[in-house]
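Here's a quick tour for anyone meeting this protein for the first time. Have a look at the structure, then read on.

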Amino acid sequence: VDLAATISERESDMLNAAEDLQFEKAALLRDQIKELKRMMNGEKAEEPASAARGSYRRQKRARR
């Protein structure tokens, strides 16, 4: 898989979505681009925000 080509395609899709006022779709594509760039640099994928929130809640409960 050519990550550079995939990133370029996603960036184009993101701009088109924003122009069409599809901001949620544009934001999703932005996040995908961020992860693809991270992969290109050999970094580990980031934990999804929902999972991070869940772990924060578990930690907060554990402190009580």
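Let's start with Glu-11 and Lys-37, which form a salt bridge. In this predicted model, their closest N and O atoms are 3.5 Å apart. Glu-11 sits in helix α1 (residues 3-19) and Lys-37 in helix α2 (residues 23-40), so the pair ties together parts that are 26 residues apart in sequence.

How exposed are the two partners? Glu-11 is partly exposed, with a relative accessible area of 28%. Lys-37 comes out at 39% and also counts as partly exposed.

## A bridge between neighbours

The count of salt bridges comes to two. Besides the Glu-11 and Lys-37 pair, there's one formed by Arg-30 and Asp-31, with 3.1 Å between the closest N and O atoms. Side chains of opposite charge can pair when their charged atoms come close.

## The whole protein

How many helices and strands does the protein have? There are three helices and zero strands, and reading along the sequence gives the pattern α-α-α.

As for the surface, the protein exposes about 5,400 Å², and carbon and sulfur atoms supply 51% of that. Of its 64 residues, 14% count as buried.

Notes. Residues numbered from 1 in each chain as written. Predicted model: local features only at pLDDT ≥ 70, side-chain atom pairs only at ≥ 80, totals over all residues. Heavy atoms only, no water. Salt bridge = Lys/Arg side-chain N within 4 Å of Asp/Glu carboxyl O. Helix = DSSP H or I, 4+ residues; strand = E, 2+ residues; numbered from the N terminus. Buried < 20%, exposed > 50% of the residue type's maximum accessible area, 1.4 Å probe, protein only. Areas by Shrake-Rupley, 256 points an atom, 1.4 Å probe, with all protein chains shown as cover.
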